[in-house]
Amino acid sequence: MIKVLVVEDSPAVREFLIHILSADPGIRVIATAHDGEAALEAVRRHRPDVITMDIHMPKMDGLEATRRIMETDPRPIVIVSGSCDPRELATTFEAIEAGALAVLPRPAGIGHAAHEASARELVQTVKLMSEVRVVRRWPRARRDAPAPRPEKTEPAHAPAKMRIVAIGASTGGPPALHTLLAGLPNAFPAPIVIVQHMATGFIQGFVEWLRQSTRLPVHVAAHGEPVLPGHVYVAPDAHQMKVERGGRIALTGDAPENGLRPSVSYLFRSIADNFGGDAVAGLLTGMGRDGAEELRLLKEKGAITFAQDKNSSVVHGMPGEAIKLDAATFVLPPDKIAAVLVNLANNGHAQWRHS
């Protein structure tokens, strides 16, 4: 039985979430809290397996409550957001940075066409996150201290041209991507394309949040646009994304792969077909195995490949599967992956051209 704490300031929404979660026989809502201060006390008293967390609350908001919980008594936290404003959603991603595992929109109301699907997504996410081992976060003062400079990482070999960088991520991916992109210079000489598995409605907010941490321009990818050096393109909701031979993004309604659209496998296959050994690609933290086989294909074609190491991953599913397949040239934490990319660029192995 999964014990859940529901943190939500609206009594009506609180009862709605309790109704949805309690309908599953594997979940029991053991307590509720109407603000962040009450949430801290409820965590101490009830020791839940999972917490659903609202962001906008009186006294102490969900961001600060998440920080305090992850610094003192870490638990899997799922942000349940009622906001669709990309600027407000950026605050939601600060909570992910503070240690929350996932973000979901508040389920649609009873009678709404999307109610059953959105309620099922909340229940499934709570169940999945209950299996994740979370770690204590250092208080902000310590966390914000200058990070040690990553040691220089010499590549074992380099592609003839680093014409594109492709990255896939899922659970725990936002902060890993945040760290990786923050380590790249504004003159980075190749385009970067990303598939980040995320609940529908949050990609624009995610992109807004990433823009605050990197010197590179970050975009939600658009169909037909050319990929430019030093720009970052994130796959939009509900589309498969590929990069075609001429260096343009194509968004399609092709079927989900590994149950996912966008799928890392779909993107990586297009990179293997159209860039071959002139690419760099890798998998960051996440559940499942999306992209692992295709990363091996890229490595076999001569691309440099990487996988996030287990210690720095929230969930070592995707990168772990790639490592089992011997698909990764490097196994490193995100800051060291950034150092490898910078090293490849500095050694003159990056070159962008249209085919």
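Author: Start with the network. Salt bridges link Arg289, Glu293, Arg296, Glu321 and Lys324. A salt bridge here is a side-chain nitrogen of Lys or Arg within 4 Å of a carboxyl oxygen of Asp or Glu. The model is predicted: local features need pLDDT of at least 70, side-chain atom pairs count only at pLDDT 80 or more, and totals for chains, interfaces and linings use all residues. Residues are numbered from 1 along each chain as its sequence is written, and side-chain values use heavy atoms, with hydrogens and water left out.

Helices (H or I, at least four residues) and strands (E, at least two) are DSSP runs, numbered from the N terminus. Glu293 is partly exposed, with a relative accessible area of 35%. Arg296 is partly exposed as well, at 28%. The cut-offs are under 20% relative accessible area for buried and over 50% for exposed, with partly exposed in between (1.4 Å probe, protein chains only).

Two others deserve a look.

Take Asp24 and Lys127. Their side chains meet in a salt bridge of 3.0 Å, N to O. Asp24 lies in the loop between helix H1 (11-22) and strand S2 (27-33), and Lys127 lies in helix H5 (residues 115-129), so the pair ties together parts 103 residues apart in sequence. Where do the partners stand in accessibility? Asp24 is at 15% relative accessibility and therefore counts as buried. Lys127 is at 31% and counts as partly exposed.

Now Arg163 and Asp278. This salt bridge spans 3.9 Å, N to O. Arg163 is in the loop between helix H6 (140-143) and strand S6 (164-169). Asp278 is in the loop between helix H9 (264-274) and strand S12 (279-283), so this bridge ties together parts 115 residues apart in sequence. Arg163 and Asp278 are both buried.

Next, the aromatic side chains. There are 3 aromatic pairs (Phe, Tyr and Trp rings, with the six-membered ring of Trp, centres within 6.5 Å; planes under 30 degrees apart are stacked, over 60 edge-to-face, the rest tilted). Phe93 and Phe206 make a tilted pair, 5.4 Å centre to centre with 45 degrees between the planes. Phe93 belongs to helix H4 (residues 86-97) and Phe206 to helix H8 (residues 203-211), so the contact ties together parts 113 residues apart in sequence. Phe93 and Phe206 are both buried. With Trp209, they form one aromatic cluster.

Last, the backbone. The peptide bond from Arg261 to Pro262 is cis, with omega near 10 degrees. Pro262 lies in the loop between strand S11 (249-252) and H9. Asn258 is also placed in the loop between S11 and H9. Its phi is near 55 degrees, positive in a residue other than glycine. Lys59 has a positive phi too, near 65 degrees, and is not a glycine. Lys59 is found in the loop between strand S3 (50-53) and helix H3 (62-72). At 68% relative accessibility, Lys59 counts as exposed.
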